[in-house]
Amino acid sequence: MDWTWLLSASAFAVAMSATPGPNNTMVVASGATYGFARTVPHMLGIAAGFPVMLIVLGTAGLPLLTDPRVHAVLKWVGAAYLLWLAWKIVAAEPDPAVAAAKPGASGRPLGFLQAALFQWVNPKAWIIAAGALATYTAEGQGASPAATLLLALVFGLVAVPCVALWTLVGVGTARVLRSRRAMRLFNLAMAGLLVASLVPVLAE
């Protein structure tokens, strides 16, 4: 094993997984609204979904990363889905106790499969995947299968503590913002950040 490669790939994975983006914004909002335990499936969906995406793109779908038609479709589909998620954050019940007692009436956190599939329409995920595969798995015109699998494992292991920390930020925020009005404003701010993450993508 090339330990220099592993350390470099791990540092890249931490930097990409820990920085603000749609995934982290959503788990902060979910942690604040639904609590840590109910956000666990969302966190695990992120931790599993992105590595699967890396493996698929690295082993069979690398040309998709350079196809402008694919990028155009994903850009607009992703934008529409992010706007829908932003609306769900705004419309969520701001009182965690009420949200837990009446999930059907006030919405529910993103589930494992939803969070995993979201990676395919997450603009930041595509940017990270393209950079990671090009930098750490390039082998001629294709990608090294072994390096792709190892890179996916690195991202999966790194994602868990990163999204867990962001979820705890949301949980801690909920303990500070005790009023419904304060939580509503917090949810609006999270939704605003989610929408703002679209600006660089749509401005391309």
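The legends below describe an overall view and several close-up views of a predicted model.

View 1. Read from the N terminus on, the elements follow the order α-α-α-α-α-α-α-α-β-β-α-α-α. Of the 204 residues of the chain, 46% count as buried, and the accessible surface comes to about 10100 Å², with 73% of this area belonging to carbon and sulfur atoms. Among the contacts in the chain with a separation of 6 or more, 83% are accounted for by residues 24 or more positions apart.

**View 2. Helix H1 against helix H9.** Helix H1 (residues 3-18) and helix H9 (residues 145-176) have axes that come within 9 Å and cross at roughly 40 degrees. The crossing in which H1 passes H9 is right-handed. On the H1 side, the residues that meet H9 include Trp5, Leu6, Phe12 and Met16, while those of H9 that meet H1 include Leu150, Leu151, Phe155, Cys162 and Trp166. By class, the residues of the contact of H1 with H9 are 17 nonpolar, two polar and no charged.

**View 3. Helix H2 against helix H9.** The axes of helix H2 (residues 22-34) and H9 come within 7 Å, and they cross at roughly 40 degrees. H2 and H9 are therefore oblique to each other, and their crossing is right-handed. In this contact, H2 contributes Asn24, Val27, Val28, Gly31 and Ala32, and H9 contributes Val163, Trp166, Thr167, Gly170, Val171 and Ala174. The residues of the contact of H2 with H9 divide by class into seven nonpolar, four polar and no charged.

**View 4. Helix H1 against helix H8.** The axes of H1 and helix H8 (residues 123-136) come within 11 Å and cross at roughly 170 degrees. Since angles over 145 degrees count as roughly antiparallel, H1 is described as roughly antiparallel to H8. Trp5, Ser8, Ala9, Phe12 and Met16 are the residues of H1 that take part, and they meet Lys124, Ile128, Gly131, Ala132 and Tyr136 in H8. The contact of H1 with H8 is made up, by class, of seven nonpolar, two polar and one charged residues.

Note on methods
Residues numbered from 1 in each chain as written. Predicted model: local features only at pLDDT ≥ 70, side-chain atom pairs only at ≥ 80, totals over all residues. Heavy atoms only, no water. Helix = DSSP H or I, 4+ residues; strand = E, 2+ residues; numbered from the N terminus. Buried < 20%, exposed > 50% of the residue type's maximum accessible area, 1.4 Å probe, protein only. Contact = heavy atoms within 4.5 Å. Areas by Shrake-Rupley, 256 points an atom, 1.4 Å probe, with all protein chains shown as cover. Axes fitted to C-alpha atoms, helices over the stretch in contact; angles between N-to-C directions. Left-handed = near helix turned anticlockwise from the far one by under 90°. Nonpolar A, V, L, I, M, F, W, Y, C, P; charged D, E, K, R; others polar. Parallel < 35°, antiparallel > 145°, perpendicular 65-115°, else oblique.
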